[in-house]
Amino acid sequence: MSNPFPKTEDKLKGVQILASIPDRSKHIFNPEAVAFVATLHRAFNGERKRLLANRKQQQQLRDQGVLPDFLPETKHIREDPTWTGPPLAPGLRDRRVEITGPTDRKMVINALNSGVATYMADFEDSLTPAWDNLVDGQTNLYDAVRRDLKFESGGKKYELKLENGKHIPTLIVRPRGWHLEEKHFLVDGEPVSGGIFDFALYFFNSAKEAIAQGFGPYFYLPKMEHHLEAKLWNDIFNYSQDYIGINRGTIRGSVLIETLPAAFQMDEIIYQLRQHIGGLNCGRWDYIFSYIKSLRNHPEFILPDRSQVTMSAPFMSSYVKLLVNTCHKRQVHALGGMAAQIPIKNDEQRNKAALENVAKDKLREVMAGCDSCWVAHPALVPVVLKVFNEHMKGPNQINVPPRTPYKPVTARDLLSPYVPGAKITEQGIRANCIIGLSYIEAWLRNVGCVPINYLMEDAATAEVSRTQIWQWVTHGAKTDKGELITKEYVAKLLQEEYSKLEKAAPSGNKFKRALEYFKPEASAEKYSDFVTTLIYDDVTTIGRPTSAEKL
């Protein structure tokens with residue numbers, strides 16, 4: 001019988017790393033960890049590519065008029081009341097406020113000092129996947145798990161607050177989605193999956209240490225469109241736990257329900273991950289993006305200005321109701337959405353109003369039954385904690401009866417584009433231009449999390465911005481003033497906003513390059529599945545190959 005786990009030197013054959021690794025991170029890329037990345041690639045990348053091909057096939061069907069619906073072939077899973085997820089894992093029983101952000105050292109320290117329940121360290125939407133960012137992030141998380149994290153900048157020192165009795169948030173890592181690749185790391189001449197790369201390095205280097213620290217190897221899983229994509233993660237989890245010799249079920253994966261197809265497969269996604277499931281999350285901005293993207297061929301699904309598509313819109317509130325009911329029925333967490341506000345330091349009145357709106361939004365979530373929510377800035381933590389502490393007396397609401405009787409959510413409820421008082425405005429178009437250009441420009445400078453108008457914007461909001469304009473131009477929508485939204489009209493507004501942004505920006509900015517990417521998308525001359533894959537090559541610095549055997 002052949003050995004399912006060959007020797008390290010055999011696994012390293014065919015591995016190339018096409019970028020330099022700084023001395024401070026050499027330990028992350030030890031031969032055994034590199035071999036583990038290669039092993040997962042060889043075992044699972046074929047299935048990943050098959051699932052991505054299935055996404056394209058499903059989109060073709062939607063373009064032809066086959067709208068998303070609950071799957072008839074998995075009806076037995078949805079209707080079987082007997083199965084549930086696993087017992088809640090250490091450090092994940094109470095998740096009432098979760099902070100999210102990229103993996104730069106200062107952010108990791110501030111997040112772990114913020115007084116929240118958990119911290120989602122993000123390799124995905126809020127991090128530009130430039131090689132240095134990824135390597136730095138892995139190094140920072142290695143140190144964070146071991147509670148050995150310090151940083152100094154501009155004469156200011158940052159370090160973890162480890163006073164007696166102080167709670168350190170549970171660390172959860174979000175790897176990249178299945179559609180993204182890591183072109184700096186080749187196995188047998190092929191780039192590995194970005195998600196496998198992010199998962200494998202963190203897991204191999206820190207899973208056992210995380211367990212020793214009282215939590216475990218926990219992950220947020222993004223951008224899935226089918227329950228078989230969750231099965232792929234589950235297969236990887238089982239293989240990985242066997243590989244390093246820890247019990248199956250130690251890993252927990254919380255899934256972001258941030259695509260329209262996934263909203264129809266919540267039960268199935270939990271079922272596929274049921275030994276490892278940590279909960280489902282309402283990824284609101286990506287969900288709006290996916291709604292537009294999935295239904296982009298159909299003019300009846302045009303949405304108004306992004307600012308009007310709140311969680312109180314009927315199709316959005318239906319999505320939350322279904323998620324909460326599904327999660328609690330299966331005894332797992334229903335995880336609320338993002339509060340992206342950042343402090344308005346120079347305007348006390350506006351800042352107070354913004355915080356009041358955050359509190360109202362979180363009140364809506366906790367009253368809907370959510371067990372947690374996300375914040376993007378530490379200043380929001382006290383505001384949100386107050387709401388959840390007042391209205392959620394236990395560690396979660398999994399076994400708390402719903403405050404209002406649950407009415408089954410239908411496919412029509414999830415698809416209806418109705419938004420009360422809906423309208424498209426010129427200001428909404430301009431806002432989309434500003435966000436799209438500003439985010440892409442920052443991404444090209446290797447910054448993946450950008451404050452714009454006192455909101456922390458990431459790839460999800462940039463996707464909504466460019467996809468909305470594409471939809472309006474494609475289907476000849478009109479503004480509330482009766483202006484036909486043509487590519488010429490959009491080009492005029494885009495040029496005006498570009499000129500303002502470029503003029504106000506420091507020299508060396510990348511707004512010109514950002515305009516080159518954004519304009520064809522906004523003008524509906526082309527449509528890219530993801531803006532991140534569209535511009536990834538611009539932040540990919542391929543250098544001289546380094547032999548993995550010499551690392």
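View 1. R330 has 0% relative accessibility, so it counts as buried (under 20% relative accessible area; exposed is over 50%, partly exposed in between; 1.4 Å probe, protein chains only). The model is predicted: local features need pLDDT of at least 70, side-chain atom pairs count only at pLDDT 80 or more, and totals for chains, interfaces and linings use all residues. Residues are numbered from 1 along each chain as its sequence is written, and side-chain values use heavy atoms, with hydrogens and water left out. R330 sits in the loop between α11 (314-329) and β12 (333-339). Helices (H or I, at least four residues) and strands (E, at least two) are DSSP runs, numbered from the N terminus.

**View 2. The surroundings of R330.** The R330 side chain reaches the backbone oxygen of W83 at 3.2 Å. Residues touching R330 include I77, R78, D80, D267 and I270, not counting residues up to four places away in sequence (contact: heavy atoms within 4.5 Å).

**View 3. Helix α6, residues 194-212.** Of its 19 residues, 14 are buried, so α6 is largely enclosed by the rest of the structure. S193 caps the N-terminal end: a side-chain oxygen lies 3.1 Å from the backbone nitrogen of G195. G214 follows α6, with a positive phi near 100 degrees.

View 4. UniProt, in an unreviewed entry, places "domain: Malate synthase TIM barrel" at residues 170-416. Such annotations may be inferred rather than shown by experiment. The span is 45% helix and 17% strand, and its end C-alpha atoms lie 37 Å apart.

Note on methods
Polar contact = N/O pair within 3.5 Å; in protein donor to acceptor, adjacent residues only side chain to side chain.
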